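Student: Could you walk me through this model, one part at a time?
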Amino acid sequence: MLQYTIRKLLAAIPIVFAITIIVFTILHMTPGDPIRILIGFGVGGYAGGDVDDSMIEVLRAKWGLDQPLHIQYVKWLGNIVRGDMGNSIRFRSPVWPLIKARLLPTILLALVGYGIAILLAFPLGVISALRQNSIVDYFSTGFSLFGLSMPVFWLGLMLILLFSVRWGLLPTSGMNGWKTFVMPGFVLGFSLAGGLTRMIRSSLLEVLRQDYVNTARAKGLAERIVIVKHAFRNAAIPVVTIFGLNLAYILSGSVLIETVFAWPGLGRLVFQSLGNRDYPVVQAIVLLGAVVVIFANLTTDLVYGFIDPRIRYE
Amino acid sequence: MTRNLLRCSLVVGFILVSLACFAQEPQYGGTLYTAGNEPSNLNPILLTDGPSSTVAERIYETLVCYEPGLTGFREGLARSWESPDELTWVFHLQESVLWHDGTPFTAADVKYTFEKVLDPATGAARMTNFAQIDTIEVIDDLTVQFNLAAPTPFFLDDLALIGHIICESYTEAVGMDATIREPMGTGPFVFDEWAPGQYVRVVANENYWRGRPYLDAFIVKVIPEAAVQFAALETGEVHMIGGSMADVSTVEADPNLTVFLNPIVQFVQAGFNFTYEPLQDLRVRTALFNAIDRPAVNEAIFYGYSYVPNSPMPRMQGMYYDEAVNDKYAELYRYDPTAAVALLADAGWTDTDGDGFVDKDGENMHLVILVPSGGVELEQISVILNTQFAAIGVSSEIKTVEFGTWLDMAFAGEFGIDIVQYGVGFTPALQEQYHHSQGPFNLQFYSNILVDSLLESGKTATDLARRQEYYYQYQEEWMKNPPLIQVVAWPAFTFWSSNVMGMSELPLGQLELIYQIWLDE
Amino acid sequence: MTRLRERWRYSLLRQNYVRFRKNKAAVVAGIFLTLLYIAMLFAPRLAPYDPLEIHLLNKLEAPSATFLLGTDDLGRDLLSRLMVGSQISLTVGFIAAGLSLIVGVCMGLMAGYFGKPTDPLIMALVDILMSIPALLLILAIVAIVSPSIFNIMLVLGLTMWAPYARITRGKILSLKEQDFVEGARAIGASHTRIMFRYLLPNALAPIIVMATVSVAGAILLESGLSFLGYGVQPPQASWGAIIGMGRRFLRQAPHMATSAGLAIFFTVLAFNLVGDGLRDALDPRQKNR
């Protein structure tokens, strides 16, 4: 297992490398010029000033955008290796503080969201599997599918209208104090819980039909022990996979929630930066994201081995 | 008995009246909250977007300020000024003004600011506005002289709008780049904190030269979603938001909220691409004008708050706006689909193959309507254009693209009609940006020699009457040969909590005199 | 004739059908889906109004007798737009989900079954795909091909298969050590046969769940795209376009976003119930026999 891990970590380095090159290329292929976007259109002499093309050239040179692509990439890579993420075009200031300020809010919201997702999904999933085709099952199916079919902004805004505007119980948005975690956390959890509940239910159903479960029952073991010891372990694999996948997507996944609740997270930053063609910011976040993705997938693989001893990695 | 009653009521009345007067006395204290998008750059000579200027303009100041109603200029950091000749301006600065770090404000700072602006290496977008400045001389600590290379009638306007002064000693000490996130000025508020993605806070300048502002602090909360901004206003979390027209009637009905109208308008225009052959014919362009029911757009999409312009000059630029000419062309550009069809036929465009769309020489006229995504009204207008063009037989398709791509495509001319929107600006100098053949924002590839020369003359004519004449002629020529369809001009609304007092309706926004605003809590 | 009737009476197909019928919920859902499918196919003829017809005087009206689901921001009938829009939304939803399912499952099968060197290679590809933001891909696509919704969904389907691959691979990894696989190998089954005939059917359950979730996701993604200006161009109707505009008018006219959201919800719910019903009917080991 240890050898496997080390090999995987070493293999990760060229993969991250490849990701940065691919993203760099795609970024520079897309239409849209960050400097033109920075200057904007139609600020009309107010707040921006009138611009002519010579200024555009000056600004492009400031970020080295006038240089050939491979030189730009090599420079960027050289800086990254030294720990310098460069300067944002939009914010005209270093990239790392922009990211650092948003790391903790993103992680905290993800934790709260997952916590709520688990709290919702596990009981519902297990009960619906045990009581298949009962009212509870249908309720849980409807509940979980509702969470993933309704647009996130709809869920969010309905909650805000109810809990903030009508009842004044919670702040509408932003991040200050535990109260502001409630609604965004719930919306995140609710939207994640849908897929998780269904996966738990389906895996359990599958396992409950297996012969060895019948064998265990026939041996006279208490229902509960049967389920916990045998069913869970085998049902766990797809559930663990989903966990890993969600973890990998947390950096960019919750843009909508962050926008609706004005949450200072990385999802919104990467989205805005893509719109602004803010290359340094996007590249830095993608780099971080790649590390998280690889880490999440690797952990999932290790957990597989832990849950199901039959799984061997060569 | 009655006399006692009378005396009692008089006393009570007197108390009530004094209480009322007392209640109107500005109180010190409180924090003003507003919701908006995140600023990106708090250095006034480098910033390029609205949210940034909302904050930066509370920290920094200009030499002169507009009078309300744009009738003239009043003192800013300069208490008086004169222009001995066309090419010289002398400003006498206010005494005892301190920077937020305690150092005195002097003429050296003014010189430093404009030299930095004019230095290409700084990368200040407003460099072109001040390109006419030749040299700046420091006469003494409180007197500074600008020597211009050519007559610049709008010099004071540019100074009032984007001539913010930065501090030489501070900027040299920390570097220009650092001032982007840690600004320091002379204004009524001092920079306190910028929590990325969350809010920016500025606090009252105790030593402000106009007197300490009533408010203790001013905070811009970052709330990107419009519906949530409105919710935050309703719950009292913020005192002010930029409002949407759809909500105006709701807000007016709410006693806790007030609506303010900003007379600055945004023009929404459907620009022609002059490189697309069919549009080069004036009859075709006029026909397209006649095809659009602009008053209906005003009613339906802008709730009647906009007006239908014909002149490229906005109404609020009173001195330069020629109402007579505007009205003269209203008739020519009225909504008249029958006339449109006739004009098209006149120009050789008729439906010869029965597909419902006009064609000439075997090819249909096909207009690509290019819209930047994100603006609801722009998309709605594009749909109306699409429908109404079809009604006169002109085939069109809508292409919505996100802003970055739109910029590329628009500048490359990959469209037939592009829908643009921009704020109209305070001086006619703006017209040059959009309608001069070399203008940086001339997306239409419009090239009209007469227009070009009129604009150039108007920009440098120092005599007001001559200037007006140039701009009047420019409007007439422009309307005879329009580069675009002026769809509507619509104002900006802001919604305020009713307990915010001391506000005035100013063209630059209610926050311009923020030091006069106080909270009644 | 009677031989045919006999054969039908005892056929597997009929047995499955009878079992399916017993599941009331699934039947109801099945009927709903059939109706939906018919509505989708004949939408232009069945819709009460022309979905492109503007009634500026009736804009943002709540549901009423004239406009059963209300009107949108330009006064167009929402019911008609939902019906006609279903053609696009359902199609692209299924193309994207279906394509990513097929590609992802095959990748996952190969990775899980063959081990080194296929597994690390495919997983590296998965890591790469998962690290590239979807929006970036879309922007790039638009640079190369025309930004029609079909093109976008096609390319998305071809690049968003990573979750399917991971799920399938996970299942395969635990399945392939089981005895029945040994047995199949012993009787000389080819790799392909083992993968598709033995392993895949047992791995189907999580794949089906994933498919349901991603159909909903794909339709919502379409809405996100139209918010950006990609995908369906105005004035065409699609559920995503309606949701996009509904978001901007959520306070003034909540019925727009709500009705479109509910349309997605009921469709996904129906598919789930039918899917469940089918799976139960087809599974020979179902305990309630």
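Tutor: Let us start with a term: a residue is called buried if 20 or more other C-beta atoms, placed from the backbone, lie within 10 Å of its own, exposed if 12 or fewer do, and partly exposed in between. This is a predicted model, in which local features need pLDDT of at least 70 and side-chain atom pairs count only at pLDDT 80 or more, while totals for chains, interfaces and linings use all residues. Residues are numbered from 1 along each chain as its sequence is written, and chains are lettered from A and ligands numbered from 1 in the order in which they are written.

Student: In what order do the four strands of the open sheet come?
Tutor: The order in chain B is S4-S5-S7-S6, with antiparallel pairing, and two strands pair if DSSP finds at least two bridges between them. Strand S4 (78–85) and strand S6 (133–140) of chain B are the edges, each pairing on one side only. Neighbouring strands of this sheet are turned by 20° on average, direction ignored; such angles run from 0 to 180 degrees between N-to-C directions, and axes are lines fitted to C-alpha atoms, for helices over the stretch in contact.

Student: How many bridges hold S6(B) and S7 of chain B as a pair?
Tutor: S6(B) and strand S7 (residues 143–148) of chain B pair over six bridges in the antiparallel sense, and B:Ile133 stands opposite B:Leu148 in S7(B). Helix H3 (residues 107–118) of chain B packs on this sheet, where it touches strand S5 (88–93), S6 and S7 of chain B, and its direction makes about 165° with that of S6(B).

Student: New topic: is B:Asp361 buried or exposed?
Tutor: B:Asp361 counts as exposed because 7 other C-beta atoms lie within 10 Å. B:Asp361 sits in the loop between strand S13 (359–360) and strand S14 (363–364) of chain B, and has a positive phi of about 55° although it is not a glycine. Most residues other than glycine have a negative phi, and most peptide bonds are trans.

Student: What is the phi of B:Phe445?
Tutor: The phi of B:Phe445 is also positive, about 55°, and this residue is not a glycine either. B:Phe445 lies in the loop between helix H14 (429–435) and helix H15 (449–460) of chain B, and is partly exposed, with 14 other C-beta atoms within 10 Å.

Student: Where is B:Gly439?
Tutor: B:Gly439 belongs to the loop between H14 and H15 of chain B and is partly exposed, with 19 other C-beta atoms within 10 Å. Leaving aside neighbours within four places in sequence, B:Gly439 is in contact with B:Glu432, B:Gln433 and B:Tyr434. From B:Gly439 to B:Asp452 there are 13 residues in sequence and 9.6 Å in space, C-alpha to C-alpha.

Student: Over to chain C: which peptide bond there has omega near -5°?
Tutor: That is the cis bond from C:Lys116 to C:Pro117, and C:Pro117 is in the loop between helix H5 (78–114) and H6 of chain C. The bond from C:Pro234 to C:Pro235 is cis too, with omega near 0°, and C:Pro235 is in the loop between H11 and H12 of chain C.

Student: How do H9(C) and H11(C) pack?
Tutor: They pack at an angle of about 145°, with axes 9 Å apart. Residues of H9(C) including C:Tyr164 and C:Ile167 meet residues of H11(C) including C:Leu199 and C:Met210.

Student: Last one: how many residues does chain C bring to its contact with chain A?
Tutor: Chain C brings 47 residues and chain A brings 52. Helices H6, H7 and H9 of chain C are among the elements that give two or more residues to the chain C side.

Technical notes. Two residues are in contact if their C-beta atoms, placed from the backbone, lie within 7 Å.
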